[in-house]
Amino acid sequence: PPTTSVGTAAAVPASAMARFATHARSTNEIFLLAAKAMALITCKLLAGETLEEAMADFPGPSWWDAVAIADDAEGASLKE
């Protein structure tokens with residue numbers, strides 16, 4: 001089957017990528033943005049950058065420090 005790959009990343013069957021894109025568009029397109037961000041970070045790591053260097057494009061607090069938490073939720077449980 002046809003494959004897609006970026007740089008030295010492992011090839012992924014094109015049909016799997018198409019299914020993912022279709023699923024993301026029908027449920028929540030933020031999955032596409034998250035996949036692009038993860039692909040960028042992975043490519044930078046494979047190129048030899050440190051995690052801190054690879055994450056430099058994404059400054060800000062950890063998600064559990066930035067997300068709204070319900071009054072009855074425990075903050076520590078969100079980190080798990």
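This is a predicted model: local features need pLDDT of at least 70, side-chain atom pairs count only at pLDDT 80 or more; totals for chains, interfaces and linings use all residues.

The questions and answers below go from the whole chain to single residues.

Reader: What percentage of the residues in the chain is buried?

Author: A residue counts as buried when its relative accessible area is under 20%. The chain has 80 residues, and the buried share of them is 9%.

Reader: Among contacts with a separation of 6 or more, what percentage comes from residues 24 or more positions apart?

Author: The contacts considered here are those in the chain with a separation of 6 or more. Within that set, residues 24 or more positions apart account for 8%.

Reader: What distance separates the end C-alpha atoms of α2, and what span should its residues give?

Author: Helix α2 covers residues 30–46. The expected span is 1.5 Å times one less than the number of residues, so the 17 residues of α2 should span 24 Å. The distance between its end C-alpha atoms agrees with this, at 24 Å.

Reader: Which residue with a positive phi follows α2?

Author: Helix α2 includes residues 30–46. After α2 comes a residue whose phi is positive, near 105°, and this is glycine 48.

Reader: Which elements are included in what covers the buried residues of α2?

Author: The buried residues in α2 are Leu32, Ala37, Ile41 and Lys44. Their cover includes two helices, α1 (14–27) and α3.

Reader: Is lysine 44 buried or exposed?

Author: Lysine 44 lies in helix α2. Not counting residues up to four places away in sequence, lysine 44 touches Glu49, Ala54 and Asp57. Its relative accessible area is 18%. Because the cut-off for a buried residue is under 20%, lysine 44 is buried.

Reader: With which residue does lysine 44 form a salt bridge?

Author: Side chains of opposite charge can pair when their charged atoms come close. The count of salt bridges comes to one. In that pair, the closest N and O atoms are 2.5 Å apart, and the partner of lysine 44 is aspartate 57.

Reader: Where in the chain do the two partners lie, and how many residues apart are they?

Author: Lysine 44 is in helix α2, while aspartate 57 is in the loop between α3 and α4. Lysine 44 is buried, whereas aspartate 57 is partly exposed, with a relative accessible area of 47%. The pair links distant parts of the chain, 13 residues apart.

Reader: Which residues form the nonpolar patch on the surface?

Author: One member, methionine 55, lies in the loop between α3 (51–54) and α4 (63–66). Methionine 55 is partly exposed, with a relative accessible area of 35%. The patch has about 400 Å² of accessible area in total, and its residues are Leu40, Leu45, Leu51, Met55 and Phe58.

Reader: What distance separates the C-alpha atoms of methionine 55 and methionine 38?

Author: Methionine 55 is located in the loop between α3 and α4. Along the chain, methionine 55 and methionine 38 are 17 residues apart. Their C-alpha atoms are separated by 9.9 Å.

Reader: How far apart in space are threonine 42 and alanine 54?

Author: Threonine 42 belongs to helix α2 and is partly exposed, with a relative accessible area of 35%. In sequence, threonine 42 and alanine 54 are 12 residues apart. From C-alpha to C-alpha, the distance is 8.0 Å.

Key:
Residues are numbered from 1 along each chain as its sequence is written. Side-chain values use heavy atoms; hydrogens and water are left out. Buried means under 20% relative accessible area, exposed over 50%, partly exposed in between (1.4 Å probe, protein chains only). Contact means heavy atoms within 4.5 Å. Helices (H or I, at least four residues) and strands (E, at least two) are DSSP runs, numbered from the N terminus. Patches are made of residues with over 30% relative accessible area and no salt bridge: like charges are joined within 9 Å, nonpolar side chains (Val, Leu, Ile, Met, Phe, Trp, Tyr) within 5 Å. Accessible areas come from the Shrake-Rupley method with a 1.4 Å probe; for residues, only the protein chains shown count as cover. A salt bridge is a side-chain nitrogen of Lys or Arg within 4 Å of a carboxyl oxygen of Asp or Glu.
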